[in-house]
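Trainee: Could you walk me through reading the packing of a helical model? I'd like the general idea each time, then the case at hand.

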Amino acid sequence: MNELNQQQLQMCDIQGRLFELSLKNGYDSPAFIKAFMNSKAAVALDDTYDRLQWAGEEYILEELNEEVGGLTPAGKTFSNEVLYWTGYTYRYWHYYTGESSKEIFQIAGPDIMNHSWLGFHTLSVNMAIDDLKDIYKKKNQ
């Protein structure tokens, strides 16, 4: 895929801020990520056009909380930086490969993203995604 357009980059930023907001609101990071990446809200953001794409991260968080019947309170939390990078990278990944949020989650779940952040956050997002996909392939051969 070519470079992302301005709207797609804004969606990446919104999803990054959404993931940060989960920490601010006291939610368990792995549980939040799992709930979001498998939610109707994520499907809406994956869509070519959906009204939810015009909503801010606060509204998306409210929609998700309602959809899952209440998000899990914090037990295990990731740093703000890890959460932003994870949310941003997941959304970018969708635009980069066309894979759905559910598919992306199966390849690189919360713990992998948390552990990969230190070495991968300085790479280009494309390169980080390619490396995460390679790790998954090697692990599942």
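**Reading the packing**

Mentor: Let's start with helix 8: what covers its buried residues includes helix 5, helix 6 (101–107) and helix 7 (110–120). Contact here means heavy atoms within 4.5 Å. Helices (H or I, at least four residues) and strands (E, at least two) are DSSP runs, numbered from the N terminus. One caution: this is a predicted model, where local features need pLDDT of at least 70, side-chain atom pairs count only at pLDDT 80 or more, and totals for chains, interfaces and linings use all residues. Residues are numbered from 1 along each chain as its sequence is written, and side-chain values use heavy atoms, with hydrogens and water left out.

Trainee: Which residues of helix 8 are buried?

Mentor: Buried means under 20% relative accessible area, exposed over 50%, and partly exposed in between (1.4 Å probe, protein chains only). In helix 8 the buried ones are Val-125, Ala-128, Ile-129, Leu-132 and Lys-133. They cover an arc of only 135° around the axis, so they sit on the same side of helix 8. That arc is taken from the directions from the helix axis to the C-beta atoms.

Trainee: What span should helix 8 have, going by its residues?

Mentor: The expected span of a helix is 1.5 Å times one less than its number of residues. Helix 8 (residues 125–139) has 15 residues and should span 21 Å; its end C-alpha atoms are 21 Å apart, which agrees.

Trainee: Now the rings. How many aromatic pairs does the structure hold?

Mentor: First the rule: rings of Phe, Tyr and Trp (its six-membered ring) pair if their centres lie within 6.5 Å; planes under 30 degrees apart count as stacked, over 60 as edge-to-face and the rest as tilted. The structure holds 7 such pairs. Take Phe-19 and Phe-32: their ring centres are 5.2 Å apart and their planes are at 85°, so the pair is edge-to-face. This pair links distant parts of the chain, with Phe-19 in helix 1 and Phe-32 in helix 2, 13 residues apart. Phe-19 counts as buried at 0% relative accessibility, and Phe-32 does too at 1%.

Trainee: And what about Tyr-88 and Tyr-92: what kind of pair do they form?

Mentor: A stacked one, 6.3 Å centre to centre with 25° between the planes. Tyr-88 and Tyr-92 are 4 residues apart in helix 5 (residues 80–97), so about one helical turn separates them. Both Tyr-88 and Tyr-92 are buried. Elsewhere, Phe-19, Phe-32, Phe-36 and Tyr-90 form one aromatic cluster.

Trainee: Last topic: charges. How many salt bridges are there?

Mentor: Side chains of opposite charge can pair when their charged atoms come close. We call it a salt bridge when a side-chain nitrogen of Lys or Arg is within 4 Å of a carboxyl oxygen of Asp or Glu. The structure holds 5. One of them joins Arg-91 to Asp-46, the closest N and O atoms being 2.8 Å apart. That pair links distant parts of the chain: Arg-91 in helix 5 and Asp-46 in helix 3, 45 residues apart. Arg-91 and Asp-46 are buried.

Trainee: Which salt-bridge partner does Glu-99 have?

Mentor: Lys-133, with the closest N and O atoms 2.9 Å apart. Glu-99 lies in the loop between helix 5 and helix 6, and Lys-133 in helix 8, 34 residues apart. Both Glu-99 and Lys-133 are buried.
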